[in-house]
Amino acid sequence: MFERILLAVDGSEHALHATKKAAELARVMKPKELRVVVVYDPIPIYLGEPNMQIAITSRKGEAESILEKAIAEIGEVPCEVQSGILEGEPAEAIIEVSNTRKSDLIIMGSRGLGRLAGLVLGSTSQKVVAHAPCPVLIVR
Ligand SMILES: Nc1ncnc2c1ncn2[C@@H]1O[C@H](COP(=O)(O)OP(=O)(O)OP(=O)(O)O)[C@@H](O)[C@H]1O
Ligand SMILES: [Mg+2]
C-alpha cells in the first residue's frame, strides 16, 4: 500500500515515537524505501567567513547525529533505508523532498523541539498536514 515512506526527525521525543512507528509499519508493509530526513535552518549569509562555514559544519554535525540515532532506532527493516540532510525551512523542505522522491506516506511527530507548551501540533506538522501531496501520519 505504501511504497515510499518519508520519516522526518528533529531529535525530539515525539520524533522518536514517530521513528518507532515508522519502523513497525515498514516491517508490516514491506515498502520499497524508508527515507529519513533532518532539516537544518539556513545559515544567514551576513555571518561572513569563516563563521558561516563553522555554523554549517556544526549544524550538519548535529543533523548527522540525529539521523544516526533514528537509523539505529529503526534497526532491521525489510526495505532500503535512505537518509538525507536538507537545508531550509523544515516544512517546505519536507514537502519538497516528498514531491521529488514521490513519497506516498509522510511520518512525523505531533510536536518537536519547540518550547511553546500546550500546542497540539507544532508549526512544522501543521504546515506539512496542510500542504503534503500524500497522507501524513502524525505520531504523538
Ligand atoms: N528540522 C526538522 N527536520 C525534520 N523534521 C522535523 C524538523 N522539525 C520538525 N520536524 C518534524 O515535525 C514534528 C513536529 O515538530 P514541530 O516543529 O511541528 O513542533 P514544535 O517544534 O513543537 O513546534 P514549533 O517548531 O512550531 O515551535 C517533529 O516531531 C518531527 O517529526
Ligand atoms: Mg519545531
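Is the crossing of H3 and H4 left-handed or right-handed? The crossing of H3 and H4 is right-handed, the near helix being turned clockwise from the far one by less than a right angle. This is a predicted model, in which local features need pLDDT of at least 70 and side-chain atom pairs count only at pLDDT 80 or more, while totals for chains, interfaces and linings use all residues. Residues are numbered from 1 along each chain as its sequence is written, and chains are lettered from A and ligands numbered from 1 in the order in which they are written.

Helices (H or I, at least four residues) and strands (E, at least two) are DSSP runs numbered from the N terminus. H3 (residues 90–100) packs with H4 (residues 123–131) at an angle of about 35 degrees, their axes lying 8 Å apart; axes are lines fitted to C-alpha atoms over the stretch in contact, and angles run from 0 to 180 degrees between N-to-C directions. Contacts (C-beta atoms, placed from the backbone, within 7 Å) join Pro90, Ala91, Ile94 and Ile95 of H3 to Thr124, Lys127, Val128 and His131 of H4.

The residue classes count Ala, Val, Leu, Ile, Met, Phe, Trp, Tyr, Cys and Pro as nonpolar, Asp, Glu, Lys and Arg as charged, and the others, Gly among them, as polar.

| Site | Nonpolar | Polar | Charged |
|---|---|---|---|
| Contact of H3 with H4 | five residues | two residues | one residue |
| Shell around ligand 1 | 11 residues | nine residues | two residues |

Ligand 1 is surrounded by 22 residues, each with its C-beta atom, placed from the backbone, within 6 Å. The closest are Gly109, Gly112, Gly114, Gly122 and Ser123.

E1 and E2 pair in the parallel sense over five bridges (pairing requires at least two DSSP bridges), and Leu7 stands opposite Val36 in E2.

Key:
Two residues are in contact if their C-beta atoms, placed from the backbone, lie within 7 Å.
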